[in-house]
Amino acid sequence: MNNDIRPGFADGFAASAGEGARVEFRVLGNWFDAEKARELADSIIRQEGDVILAIAGSGNQGVVAAAESAGTYVLWYDSPGYEYAPGTVLGSSLVNIDVLTAEMLALAIDGELDYGSTRYRGIAENAVDYARQETEYLQFVPEDIRAAMDDLIDAVKNGELVLGSDN
């Protein structure tokens, strides 16, 4: 998260938000403590945070609760999360585990997967995407912002924009 997701979020979303946008970072330390996640989200909101990227497993429920109370927004990670709070969860990334699994299995079968090696996959490799066809996304996110998201994702897919780490 520190080396790829956070810099990618800063380079992509936050940079496109314009001058004055900044990224605050909090670590929950587990994937389940919704109350602590809510406290962390509240601390971001108190510092005038408008959008929170939640990567906290079931702890995300605390982030969503804090955002709903404050009238701020949440971006979900890994799978579509719009249904948890329509109008509050305004974006969801997708991690395409099926694509990653098929790729790694094919490499293993061909004897080309080195044990313990690391391979980075992202938007350009279709391992990560953004849930842009969900009803709530289409309903609550203005068309101009959706078009800008499409442009950003297309720029990453075709190599015009490189986000995050140099890996």
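This note goes through the sheet, the core, a helix, a pocket and several loop residues of a predicted model.

1. Basis of the note. The model is predicted, so to speak of a local feature a pLDDT of at least 70 is needed, side-chain atom pairs count only at pLDDT 80 or more, and totals for chains, interfaces and linings use all residues. Residues are numbered from 1 along each chain as its sequence is written, and side-chain values use heavy atoms, with hydrogens and water left out.

2. The sheet. Four strands form an open sheet with mixed pairing, in the order E1-E2-E3-E4, where strands (E, at least two residues) and helices (H or I, at least four) are DSSP runs numbered from the N terminus, and two strands pair if DSSP finds at least two bridges between them. E1 and E4 are the edge strands, each of which pairs on one side only. From one strand to the next the twist averages 20°, an angle taken between N-to-C directions on a scale from 0 to 180 degrees, with axes fitted to C-alpha atoms and, for helices, over the stretch in contact.

3. The pairings. E1 and E2 run parallel and are joined by four bridges, with Val-51 standing opposite Tyr-73 in E2. E2 and E3 also pair in the parallel sense, over three bridges, and the partner of Leu-75 in E3 is Gly-91. E3 and E4, by contrast, run antiparallel and are joined by three bridges, where Leu-94 has Asp-129 in E4 as its bridge partner.

4. Strands E1 and E3. The covered face of E1 consists of Ile-52 and Ala-54, while Val-51 and Leu-53 make up its uncovered face. E3 is largely enclosed by the rest of the structure, because six of its seven residues are buried, where buried means under 20% relative accessible area, exposed over 50% and partly exposed in between (1.4 Å probe, protein chains only). Within strand E3 lies Ser-92, which is buried with a relative accessible area of 0%. Not counting residues up to four places away in sequence, Ser-92 touches Trp-76, Ser-79, Pro-80, Gly-81, Tyr-82, Tyr-130 and Ala-131, contact being heavy atoms within 4.5 Å.

5. The nonpolar core. The largest nonpolar core has 31 residues, and the members that touch the most others are Val-63, Val-74, Val-89 and Tyr-130; such a core is a set of buried Ala, Val, Leu, Ile, Met, Phe, Trp, Tyr and Cys residues joined through side-chain atoms within 4.5 Å. At least two residues of this core come from each of helix H2 (34-46), strand E1 (51-54), helix H3 (60-70), strand E2 (73-76), strand E3 (89-95), strand E4 (128-130) and helix H6 (143-157). Once its neighbours within four places in sequence are left aside, Val-74 is in contact with Ile-52, Ala-54, Val-63, Val-64, Ala-67, Thr-88, Val-89, Leu-90 and Gly-91.

6. Helix H3. The buried residues of H3 are Asn-60, Gly-62, Val-63, Val-64, Ala-66 and Ala-67, and what covers them includes H2, E1, E2 and E3. Just after H3, Gly-71 takes a positive phi of about 75°.

7. The second largest pocket. This pocket has a volume of about 830 Å³, a volume being the space filled by probe spheres set on grid points that are joined across faces, edges and corners. Its lining comprises 34 residues, and Glu-24, Ile-44, Val-51, Ile-52 and Leu-53 lie nearest its centre; on a 1 Å grid over the protein atoms alone, a pocket is an open set of points where a 1.4 Å probe fits, with protein on both sides within 12 Å along at least five of seven lines, and lining residues have an atom within 4 Å of a point. Helix H1 (5-16), H2 and E1 each supply at least two lining residues, and H1 gives the most, with five.

8. Loop residues. Asp-50, in the loop between H2 and E1, counts as exposed because its relative accessibility is 54%. Apart from neighbours within four places in sequence, Asp-50 is in contact with Thr-72 and Tyr-73, and its C-alpha atom is separated by 8.5 Å from that of Gly-71, 21 residues apart along the chain. Asp-78, in the loop between E2 and E3, has a positive phi near 95° although it is a residue other than glycine, and at 40% relative accessibility it counts as partly exposed. Asn-126, in the loop between helix H4 (97-109) and E4, likewise is not a glycine and has a positive phi of about 65°; with a relative accessible area of 36%, Asn-126 is partly exposed.
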